[in-house]
Structures are given as C-alpha cells and as structure tokens.
Amino acid sequence: MALCTLSTLEEYDPDKFLKKEVHKGARSTVALLHLMPGQEVPTHSHAGVEIMLLPQKGEAVLTVDGEKKVILKPGVFFSELGEGHTFNIKNASRTAFQMLAIQVRLD
C-alpha cells in the first residue's frame, strides 16, 4: 500500500499546466493536474484506456467531442471518457484548478 499526500505535489506554473504522477500501477495511472486561470489541456484522446476525473480545487470546463460541456469542481466525479472520445480542459475561472486524472487500461 502507498500513501500520498496531495498537498506535497501541489505546484503551478504561470506559463503552462503541470501534471504530477501520483500512482503508476500495472493497469492504472493517477496524475494530479494543476492549471492556473486561463490555462488549458489541449484537445486530445487516449486510446485503450478509460479516464475518470476527480476535481480537488477550483473550477474548470471540460469539453467532450467538441460540444458537450461539463463544469468540473470539487464534489464532481466524471467518467465518460472512454475509447474514441476527444476532450480538453480549460480553467476559465479566476482561481487555480487542481484535479486527479485516473487512467485504467482496457486491454
């Protein structure tokens, strides 16, 4: 068993979003993403994995397949990012945003 205190991984960069590895297992990875206001994770997809998002601080907008918009904020759990979906995440708020991204390989 591993124990990780997320506050020790908290770090923001004024020029780009940051991603910190929290866990790497045989079939799963967990990363902590940090976005300052105005920063975004570019549109992309992940083949062969299911992705779950668990916001920790702040608020951001998730856009799925270029049209579906979801507000990500603490207390929300999002898990519709399976194979074949594209998505991006933008911090359109005035405060920093932090989120756990969980990936599980499907094969």
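A salt bridge is a side-chain nitrogen of Lys or Arg within 4 Å of a carboxyl oxygen of Asp or Glu. In this predicted model, the count by that rule comes to two salt bridges. This briefing treats those pairs, then the sheet, and finally a loop residue.

**Salt bridges**

- Side chains of opposite charge can pair when their charged atoms come close.
- Lys 57 forms a salt bridge with Glu 10, and the closest N and O atoms of the pair are 2.8 Å apart.
- Because Lys 57 lies in strand E4 and Glu 10 in the segment before E1, this pair ties together parts that are 47 residues apart in sequence.
- Lys 57 counts as partly exposed, at 36% relative accessibility, and Glu 10 is also partly exposed, with a relative accessible area of 30%.
- A salt bridge also joins the side chains of Lys 20 and Glu 11, with a distance of 2.5 Å from N to O.
- Lys 20 has a relative accessibility of 23% and therefore counts as partly exposed, since that class lies between buried, under 20%, and exposed, over 50%.
- Glu 11 counts as partly exposed too, with a relative accessibility of 39%.

**The sheet**

- Five strands form an open sheet, and their order is E1-E2-E9-E4-E7.
- The pairing of these strands is antiparallel.
- Strand E1 (18–24) and strand E7 (78–81) stand at the edges of the sheet, each with a single partner strand, so one side of each has no neighbour in the sheet.
- From one strand to the next, the twist averages 25°.

**Strands E4 and E9**

- Strand E4 covers residues 49–57 and strand E9 covers residues 97–105.
- These two strands run antiparallel and are joined by eight bridges.
- Lys 57, the residue that forms a salt bridge with Glu 10, stands opposite Gln 98 in E9.

**A loop residue with positive phi**

- Asp 65 is found in the loop that links strand E5 (60–64) to strand E6 (68–72).
- Most residues other than glycine have a negative phi.
- Asp 65 is not a glycine, yet its phi is positive, at about 55°.
- With a relative accessible area of 35%, Asp 65 is partly exposed, because this value falls between the limits of under 20% for buried and over 50% for exposed.

Notes
Residues numbered from 1 in each chain as written. Predicted model: local features only at pLDDT ≥ 70, side-chain atom pairs only at ≥ 80, totals over all residues. Heavy atoms only, no water. Helix = DSSP H or I, 4+ residues; strand = E, 2+ residues; numbered from the N terminus. Buried < 20%, exposed > 50% of the residue type's maximum accessible area, 1.4 Å probe, protein only. Pairing = 2+ DSSP bridges. Axes fitted to C-alpha atoms, helices over the stretch in contact; angles between N-to-C directions.
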